[in-house]
Amino acid sequence: YMPSNTAYFTFLGFGNFNTFRKQQLALIEATKRKYSHDKKMSQYQELFNCDAEEHALNWIGSQAAFFISEPSSEKYEQNAYAIFEALNPVEARERLITLQKSICKKQGKEPEIEVFKEYEIRKLPIGRFYGDILSEAFAMMHDPYFTLLDDMVIMANSVNALRTQINTVLI
């Protein structure tokens, strides 16, 4: 799913994401970062108005990647992508939509949804959740848009970037 003009990428192979997450949380506690992590998670829980782990993470499969395609300007964030393998794509979509609706309801906004070439693209107003909670590798992701391609959830910071990625995959 990475285009030929990929300038940078980071791959995360989890094996089993739930096992990885338990080990990650144990490491956070062992390295005295638990208070900071829990404070951030609490802030996201309040923003999400639902279980952050359940809706934003527990659908992730055995691998993820972050990549940047060659930018035409110095705005790297507009060419930043995150890709997550979904354990069950239908369930991942449902959880992410529930998350989106919960946040939008709390903010008094309508969810942003667009259909492009039969692919539903939705905005996920979660701030920098994946960079703050999962891995710094995703730090450039901010309020990403997402879509599903096969068993992968693809996120980007703009709807145009996702359109470009869909076109790249379909060629």
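A residue counts as buried here when its relative accessible area is under 20%, as exposed when that area is over 50%, and as partly exposed in between (1.4 Å probe, protein chains only). Keep that scale at hand as we walk through this predicted model, in which local features need pLDDT of at least 70 and side-chain atom pairs count only at pLDDT 80 or more, while totals for chains, interfaces and linings use all residues. Residues are numbered from 1 along each chain as its sequence is written, and side-chain values use heavy atoms, with hydrogens and water left out.

Let's start with the charged pairs. The structure contains eight salt bridges, each being a side-chain nitrogen of Lys or Arg within 4 Å of a carboxyl oxygen of Asp or Glu. One of them joins Arg21 to Glu53, at 2.6 Å from N to O. Arg21 sits in helix H1 (residues 17-30) and Glu53 in helix H3 (residues 52-57), so this contact ties together parts that are 32 residues apart in sequence. Helices here are DSSP runs (H or I, at least four residues), numbered from the N terminus. Both partners, Arg21 and Glu53, are buried.

Arg95 is buried at 16% relative accessibility, whereas Glu54 is partly exposed at 29%.

Finally, look at Arg122 and Glu120, which form a salt bridge at 2.9 Å, N to O. Arg122 is buried, with a relative accessible area of 7%, and Glu120 is partly exposed, at 25%. Elsewhere, salt bridges with shared partners join Glu54, Glu91 and Arg95 into one network.

Conventions
Helix = DSSP H or I, 4+ residues; strand = E, 2+ residues; numbered from the N terminus.
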